[in-house]
Structure formats: C-alpha cells, structure tokens
Amino acid sequence: MTTLVTHTWWMTNRRLKVLVKQPAFVGILLIQPAIWLFLFGNLFRRVVELPGFGGGSYLDYIIPGVVAMTAVSSNMWSGMGVLEEIERGTMNRLLTTPVARGAIMNSLVLEQALSTAVQVTAIILLGLAAGATYPGGAAGLPAMLVAALLLGTIFSALSNTVGMLVRQRETIIGINTLLLLPLTFLSSAFMASTLMPSWMRRIADFNPVNWSLDAARAAMRSEPDWGVVASRGGWLLILAVVMLVLSTRTFRAYQKSV
C-alpha cells in the first residue's frame, strides 16, 4: 500500500507538470464554471418565484448545481488522457518500469480531482463576490467539496475505463455528450425536486449527480442535516471505489494485450 501511494504521488506529479505547461487550458478550467454560474444564474433566477420552489436566493441554490455540473463535465474527459498516453507510446513504456500498475490509473483520477478542487474553490469565491451566502459555513463548504470530488472520481474512472476499452476519441466524446445534460437535468441542479415530474424524481433518486447535490445542500443549511450528508456521501464513496476497481481491471486487460 505504501508503494502504491508513493507511486501514485510521483505519477500524479508527472501529470501536473504537463498540466501547468498549458496555461490556456488552465484558464479555461477557471473561466468555464464562471460562465455557467452567471449564465444559468441569470437565466433561471426568477424560478424562485414559482409556487413550491421555496423562495430564497437562486444564486445560493444554483452554486451546488454548478459545482456538481463542473465535477461531471471536467472529469468526463479523463479518458482522453488515457488515449494520449497510449497513442504516444508512453503507456507501453510505463509498463516496462517497476511502477505500480494501479498508480498509473490512480494518477489520472487524482489529477482530475485536484483540477476539480481548484474549480470548486473558484466557484465558491465567485459566488461570494456575487452576493451568495453559505449558511453551512466552515463545515458545509468542505462537505460540498468532498461530495464534488467523489462525484468527479466516479466519472473520471468511468471515462478512463471507456478510454482503455474502446481506445477511440469519438466514443468518449459521444458518451460525454450523451450523459452530461441528461444527468444534470435529471437532478435538482437547477430546479427544485418538488417542481419536477414524478418520473424525473424517481430517476433522480438513482442519479449520482443528485446524491452529490443532496449532500451539498444538506451540509450548506443553517442547520446541516449530517445524516443526509453521510448517507449520500456513502453512496458516492461506494460507487467511486467500484469505478476505480473497474478502471484498474480494464488497465490489466490492456496490459495483457500488448
């Protein structure tokens, strides 16, 4: 386990060095959440006036939604990193080294998690500048961040699994396009669940995006519901572990094919 952790750290450090050498990409990572926050925040801001929504500030309501959407959309592209490593021959060269095999896949997920953490922090600060309030305070904000990181891990590992199995950019792009908006709108990201059709609410109950939102909003209340945070966080953790195991197994399948 110590070896795996050490190798994962060094492999992640390698990935981060590549990331910081792309300042334009880093800038896009920070600008995109701001666009979503102010675009959706202004487009839907009057829905709080609908009977049954519950009133309050729509900016406060939407911030967990933008955080969850950012976690999904950013991590869904992790599989592209797998393809890049394969196409450049880097993956095969890594197989000739004594590096732990799990560390190779874990580093891709951890890189995405660190990027997601930076994006979530930017969203929180932008919301604060725009007048948002965070009743959950010092305890609620970290809980929202952890929920977003677990959600991102699920989709990062899923994307890595797809990339390792199909090895086609078009397939990853197609899956990302297929899943992002349905998963977002089949949740309470931008609309209160009380105003959703009953069939959408039933689907949302099994939607990991909605689990993350439930955990974040429960933690951000003036009186946090830690029972909801723990239950939804537990579901996210279990699914994240399953997806990480699956991505590692598909990597071993690739290893046998070369």
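Where is the place of isoleucine 35? Select residues 23-43 in this predicted model: they make up helix 2, and isoleucine 35 is in that helix.

**Stop 1**

Isoleucine 35 has 46% relative accessibility, so it counts as partly exposed.

**Stop 2: the largest nonpolar core**

Now turn to the inside. In soluble globular proteins, nonpolar side chains tend to be buried together. Here, the largest nonpolar core has 45 residues, and you can begin with Tyr58, Ile62, Ile63, Leu151, Phe155, Phe190 and Val209, which touch the most other members. Among the elements that give two or more residues to this core are helix 2, helix 7 (137-166) and helix 11 (226-257). Helix 3 supplies the largest share, 11 residues.

Next, pick phenylalanine 155. Leaving aside residues up to four places away in sequence, phenylalanine 155 touches Val72, Asn75, Met76, Leu183, Pro208 and Val209. Then look for a second, separate core: it has 15 residues, including Met91, Ala103, Ile104 and Met164.

**Stop 3: a buried serine**

Finally, select helix 4 (residues 78-87), where you will find serine 78. Is serine 78 buried or exposed? Serine 78 counts as buried because its relative accessibility is 2%, with the cut-off for buried set at under 20%. Show the side chains of serine 78 and serine 156 to see the polar contact of 3.2 Å that joins them. Beyond four places away in sequence, serine 78 also touches other residues, among them Leu108, Gln112 and Asn160.

Note on methods: Residues numbered from 1 in each chain as written. Predicted model: local features only at pLDDT ≥ 70, side-chain atom pairs only at ≥ 80, totals over all residues. Heavy atoms only, no water. Helix = DSSP H or I, 4+ residues; strand = E, 2+ residues; numbered from the N terminus. Buried < 20%, exposed > 50% of the residue type's maximum accessible area, 1.4 Å probe, protein only. Polar contact = N/O pair within 3.5 Å; in protein donor to acceptor, adjacent residues only side chain to side chain. Contact = heavy atoms within 4.5 Å. Core = buried A, V, L, I, M, F, W, Y, C linked by side-chain atoms within 4.5 Å.
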